[in-house]
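This report describes selected local features of a structural model. The sequence and structure are shown first, and the description follows.

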Amino acid sequence: MRGAEMNELRLFREDGLRIDGRRVDELRPVKMEVGVLDKSDGSAYIEMGKTKIFAAVFGPKEAHPRHLSQPHRAILNCRYHMATFSVEERKHPGMTRREIELSKVIKESLESLVFLNEYPRSAIDVYIEVVQADAGTRTAGLTAASLALADAGIQMNDLCCGVAVGKVGGRIVLDPSEEEDKHGEADMPIAIAPRQNSIVLLQLNGRMTREEMRLGIEMARKGIEVLYSVQIAALTKRVRSSHQGGSGRY
Amino acid sequence: MKRDLAFPGKRLCVIEEFLPGRYAFISQGGEVVSSVIGYPVYDTKQHVVSVSSMRPSLKPVVGDVVLCEVREVQDRVVLCDIIAKEGGEVKYRWNGAIVTTPRSGKASLPAFTIGDLVVAVVKSESFGMYELTIDEKGLGVVLAFCDYCGRNLIYRRGSLVCNKCRVAFRRKTVSYYGNREAILSRFGLQLS
Ligand SMILES: [Zn+2]
């Protein structure tokens, strides 16, 4: 456990708070905005700490190429991508293996929210562009994507919010920052559809005991309630501002 | 009944109070829930709650008057792209089909040529295919092309003629046939 002890020294302050001054169950500062891009059918922006992500939705539209279209439902395409300037050393602009995997994971989560059978033979395209990456991008991206889908008027059974839980220096912490993630022992991204109360994404990188995992999910649930209220506030603001002649096609 | 803003997942009422209408559904717990952002509309007579979506549909819906371009002419069906609709936006092109039922005695179908612009009404939608009709009044071809040389046909005394080929075609036309401004303004289009 030497590593964990080292990390405890490195990542927790003497007063027990985390290096950035948060409690173990505290989110980073969150900001969300809906309808930030004019050219797409729906869009959203999210900031969680230093993580900054745009999500844009196009469709429903006819699926192309046609042989991919499904007669009874829509196909949902998702592209999670990190901008070349989103990380400290320039990332090559193509899709990495990690980005392809995350695109798939996020797509599957979104598919559980969207009423795909309402849009036969159609395609819905979701683009998630990370402009600054500082841990928690898949969950923040998913949170923004669900807002962008709602903004596009696509029928869904719920929104969804995600946050990661980490094990850092032997302790379970909510919404780890990059620094904590780098030195942590485990990372568990979780996304929940809050009103359906269903988990739509859960991954675990590293090791946690059953008890730690239970604690982590509990912690994530509380964080997600906070994120959900921010989502609702952002949607409400969007509707109000569009009534007052703001941009968008409402 | 409060008229709070609804959004996907927001509970509207229980099923004993209202049944789900447009943009509402029944959750596993038997509650009626919104599926979009919008304001709920409670119909106390029919006991149905629907949500008026903040986003107009980008897809054509049944009853829409649409402008379409003929893409393929077959024996019993004319396939076309829906490119615009009256009083709304169609952002993407959608497939439509004008089905022609051969009627006894009459020529089965007003002929179309690939490229013709047609005003039609959406009769039904099934699995993403739109069935269109031009049978009602005020529907028909707004711009047609010659079968032989591809020139614009000119409306003259009840038929469409090609000035070059000196051939007349019979097609069901609208009153503003060939009037570009009328077509563009009616469907909110811009010349590009
Ligand atoms: Zn001709």
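## Metal site and selected backbone features

B:Cys165 is partly exposed, with a relative accessible area of 26%. This value comes from a predicted model, as do the others below.

**The zinc site in chain B.** B:Cys165 is one of the residues that coordinate the zinc ion: the donors are the SG atoms of B:Cys146, B:Cys149, B:Cys162 and B:Cys165, at 2.3 Å. The arrangement is tetrahedral because the four donor atoms subtend angles of 103 to 113° around the zinc ion. For reference, the ideal angle for four tetrahedral donors is 109.5 degrees. Along the chain, the donors of the zinc ion follow the spacing C-x2-C-x12-C-x2-C. Distant parts of the chain are linked by the pair B:Cys146 and B:Cys165, which lie 19 residues apart. B:Cys146 belongs to the loop between β12 (140-143) and β13 (154-156) of chain B, while B:Cys165 belongs to the loop between β14 (159-162) and β15 (167-169) of chain B. B:Cys146 has a relative accessibility of 2% and therefore counts as buried.

The loop between β14 and β15 of chain B also holds B:Arg166. B:Arg166 is exposed, with a relative accessible area of 70%, and its phi is positive, near 60°, although the residue is not a glycine.

B:Thr113 is placed in the loop between β9 (94-99) and β10 (117-126) of chain B. Its relative accessible area is 11%, so B:Thr113 is buried. The zinc donor B:Cys146 is among the residues that B:Thr113 touches, together with B:Val70, B:Val73, B:Phe145, B:Asp147 and B:Arg171, when residues up to four places away in sequence are not counted. With B:Arg171, the side chain of B:Thr113 also makes a polar contact of 2.8 Å.

Chain A contains an open sheet of five strands with mixed pairing, in the order β1-β2-β3-β5-β4. Its edge strands, β1 (30-34) and β4 (75-82) of chain A, each pair on one side only. On average, neighbouring strands of this sheet are turned by 15° against each other, direction ignored. Helix α5 (residues 210-243) of chain A lies across β1 and β2 of chain A and runs at about 35° to β1(A).

| Strand pair | Sense | Bridges |
|---|---|---|
| β1(A) and β2 (residues 42-48) of chain A | antiparallel | five |
| β6 (residues 161-168) and β7 (residues 171-174) of chain A | antiparallel | four |

Within the pairing of β1(A) and β2(A), A:Glu33 stands opposite A:Tyr45 in β2(A). For A:Gly166, the bridge partner in β7(A) is A:Val173. β6(A) and β7(A) form a hairpin with two residues between them, and A:Gly169 in the turn has a positive phi of about 55°.

**Backbone geometry in chain A.** A:Asp175 lies in the loop between β7 and α4 (178-183) of chain A. A:Asp175 is not a glycine, yet it has a positive phi of about 50°. With 2% relative accessibility, A:Asp175 counts as buried.

A cis peptide bond with omega of about 5° joins A:Gly59 and A:Pro60; A:Pro60 is placed in strand β3 (residues 51-62) of chain A. A cis peptide bond also joins A:His64 and A:Pro65, with omega of about -5°. A:Pro65 is placed in the loop between β3 and β4 of chain A.

Definitions and conventions. Residues are numbered from 1 along each chain as its sequence is written. Chains are lettered from A and ligands numbered from 1 in the order in which they are written. This is a predicted model: local features need pLDDT of at least 70, side-chain atom pairs count only at pLDDT 80 or more; totals for chains, interfaces and linings use all residues. Side-chain values use heavy atoms; hydrogens and water are left out. Buried means under 20% relative accessible area, exposed over 50%, partly exposed in between (1.4 Å probe, protein chains only). A polar contact is a pair of N or O atoms within 3.5 Å; within protein, one must be able to donate a hydrogen and the other to accept it, and residues adjacent in sequence count only if both atoms are side-chain atoms. Contact means heavy atoms within 4.5 Å. Donors are N, O and S atoms within 2.8 Å of the metal (3.2 Å for Na, K and Ca); water is not among the atoms, so sites may look incomplete. Four donors count as tetrahedral if all angles lie between 85 and 135 degrees; four count as square planar and six as octahedral if opposite donors are over 155 degrees apart and all others between 65 and 115; anything else is irregular. Two strands pair if DSSP finds at least two bridges between them. Axes are lines fitted to C-alpha atoms, for helices over the stretch in contact, and angles run from 0 to 180 degrees between N-to-C directions.
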